[in-house]
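These are my notebook entries on a single model. I record what I looked up and the criteria that I applied.

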Amino acid sequence: MTVRTAVLLAALFFSPLLPTAHPLLAAEKTINIKEKMFAGQIDDIYLNNKEYEGKTVNIAGMYMPLEIRGKKSQLIYRYGPGGCCGNDALVGILFEWGGALPKKEGAWIEITGKKKKKKYGAEKEIVIAASSFHSIKPQKSYIKKKKKNS
C-alpha cells in the first residue's frame, strides 16, 4: 500500500468526524420540514444557521400569533417531546408573512421561505421570511392515548 492510498483511506475513514458542510443540505435546494423530523430539523436551523443561508425551507405546522419585545410576530410549530406527559412541548420557528393570516390559533399552515435574522429590540432572532403561505388539512400534532374502560 502506498502512502497516498493510506492517506486517502484514512481521510475516507475519518471524514465523518471532521467539521464540514452539512451533508444533507449541500445537495438540497428546498428542505422539507414535515412530521417525522420536525423537532430535529427546526433545532438544526438554530444550531447550524449558517448552513441554511440561501436555502429555501418548506415547513408544515400549526400557527400561533405572538408578540416579542413589543413587536407582532408569528410562529409555525408542532408539539414534540420535552415535558412530563409525552409530546407536550412546543417546537417551532418564527416566520413573517405580509398577507392574511389565520384567524384561529392552532390552524394548520404550510410556508415556504428563506431564513433570515430579524431584530426584536436589542436581540436578533432567526425568522423564516415566507414567500408562500397557505392553509392545509389538519395533521397529527401529537398522539394522545385513549383511556381504556375498566
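Entry 1, criteria and cores. I took a nonpolar core to be a set of buried Ala, Val, Leu, Ile, Met, Phe, Trp, Tyr and Cys residues joined through side-chain atoms within 4.5 Å. Buried means under 20% relative accessible area, exposed over 50%, and partly exposed in between, with a 1.4 Å probe and protein chains only. The model is predicted, so local features need pLDDT of at least 70 and side-chain atom pairs count only at pLDDT 80 or more, while totals for chains, interfaces and linings use all residues. Residues are numbered from 1 along each chain as its sequence is written, and side-chain values use heavy atoms, with hydrogens and water left out.

I found 19 residues in the largest nonpolar core, where Ile42, Ile59, Ile93, Phe95 and Ile111 have the most contacts. At least two residues of this core come from each of S1 (30-33), H3, S2 (56-68), S4 (89-96), S5 (108-120) and S6 (123-135). S6 gives the largest share, four residues. Another core, of 11 residues, lies apart from it and includes Ala60, Ile68, Leu75 and Val127.

I assigned helices (H or I, at least four residues) and strands (E, at least two) as DSSP runs, numbered from the N terminus. The protein chain has three helices and six strands, in the order α-α-β-α-β-β-β-β-β from the N terminus on. Of its 150 residues, 33% are buried. With contact meaning heavy atoms within 4.5 Å, I noted that 56% of the contacts with a separation of 6 or more are between residues 24 or more positions apart.

Which residues of H3 are buried? In this helix (residues 38-47) I listed Phe38, Ile42, Asp44 and Ile45. Seen down the axis of H3, these buried residues fall within an arc of 155 degrees, so they line one face of the helix; the arc is that of the directions from the helix axis to the C-beta atoms. I then looked up isoleucine 93, which touches Ile42, Ile45 and Tyr46, among others, when residues up to four places away in sequence are not counted.

Entry 4, strand S1. S1 and S2 run parallel and are joined by four bridges; strands pair if DSSP finds at least two bridges between them. Opposite isoleucine 31 I found valine 57 in S2.

Most residues other than glycine have a negative phi. Arginine 69 is partly exposed, at 47% relative accessible area.
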